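Hello,

Here is the structure we talked about handing over. My notes follow it.

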Amino acid sequence: MKQKSRVALVTGGALRIGAEISRELHRRGFILLIHYRSSSAAALELTRELNTEHADSAYCVQADLSSTADIERLSRFAKETTGGIDALINNASSFYPTKLGQATENDWNILIDSNLKGPYFLTQSLIDSLANRNGNVINIVDIHSERPMPDHSIYCIAKAGLAMMTKTLAKDLAPDIRVNGVSPGAILWPDNEMSEQTKQAILKKIPLSRAGGPVDIAKTVGFLIDEAPYITGQIIAVDGGRNLTI
C-alpha cells in the first residue's frame, strides 16, 4: 500500500450504487474500504476485482450500522488498516414501504438506524481522522427527503434527517472537513418487483425522460471530493430534473 494514497470508506459499498461509487473512487486512486452488512459474497468479489487491478488497494469489512459497537469496530478497522481515511461515503440504506397504520417499531428502528443513526455515529467516530486529512463526508440522500413518497413515511423521515445532518455537520465540521450530499432520483429500480406501468409513470415525470445509472451518482461523488474544494453543505439532486415535477 502506498503511504500517500488516499483512503475512502464506502458503506454498503459492495452492491448497486455503492459498488459503482467504490469503483469510481478506486479509478481515482483511492484505497477502498468496502463495508457490508450481509452481502459478504459481493463484497469479497468486488475486493478481489479491485485488488487484481492494483494490489493491496481494497479491503472489505462487515458491520451492522444499527450497532454502536459495530460502528466503533468499523472505525477502528479503518484507522488500523490504512492509518485513517480521506473520504467517508454514507451510502448504506434500508428501503421498503411502511404504510401508516401498519408500521411497527421494528420498521422504525431498521429504517432510521440504517439511513440516519449509522451515518451520524460513524461520522462522529471518524472526525479526528477526517480532520487530519482535510477530508470529505458524502451522504447519499434521496429526492424524497424533500417531497415524500406515498406509503414510505419512515424512510422519507430518515432521509430528511440525513439531509439536515449534511447541512448541520457541514457547519460544525468546517473548515477541516467538507460535508455534502448526493440525492438520487430514478437510478435503479427497487429490488422488489415493480410493474412496467409504474416504471413508465415515473419516467413520464422526469424532464430528461429516462432513468439514470449508478455511474451518474458515482461521478457526482467524485466531483464533490476532487473538483469542488469550495463546496460544502450542499445536496446535489441527480435525478434528470424529476425534483421539478414531483
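Leaving aside neighbours within four places in sequence, which residues is S114 in contact with? They are A92, S93, S94 and P119. Please keep in mind that this is a predicted model. S114 is found in helix α4, residues 105-125. Its relative accessibility is 14%, under the 20% cut-off, so S114 counts as buried.

Next, helix α2. It runs over residues 40-53, and at 1.5 Å a residue its 14 residues should span 20 Å; the end C-alpha atoms are 20 Å apart, which agrees. A43, L46, T47 and L50 are the buried residues of α2. Viewed down the helix axis, these fall within an arc of 105 degrees, so they line one face of α2. They pack against α1 (16-27), β2 (31-36) and β3 (58-62). The exposed residues A41 and T52 sit on the face turned away from the buried side.

Last, the nonpolar cores. The largest has 28 residues, of which I21, L25, L32, I89 and V221 touch the most other members. At least two residues each come from β1 (7-10), α1, β2, α2, β4 (87-90), β5 (136-140) and α8 (214-226). The largest share, five residues, is from α8. A second, separate core of 26 residues includes L33, L122, M165 and L173.

Regards

Note on methods. Residues are numbered from 1 along each chain as its sequence is written. This is a predicted model: local features need pLDDT of at least 70, side-chain atom pairs count only at pLDDT 80 or more; totals for chains, interfaces and linings use all residues. Side-chain values use heavy atoms; hydrogens and water are left out. Helices (H or I, at least four residues) and strands (E, at least two) are DSSP runs, numbered from the N terminus. The expected span of a helix is 1.5 Å times one less than its number of residues. Buried means under 20% relative accessible area, exposed over 50%, partly exposed in between (1.4 Å probe, protein chains only). The arc is that of the directions from the helix axis to the C-beta atoms. Contact means heavy atoms within 4.5 Å. A nonpolar core is a set of buried Ala, Val, Leu, Ile, Met, Phe, Trp, Tyr and Cys residues joined through side-chain atoms within 4.5 Å.
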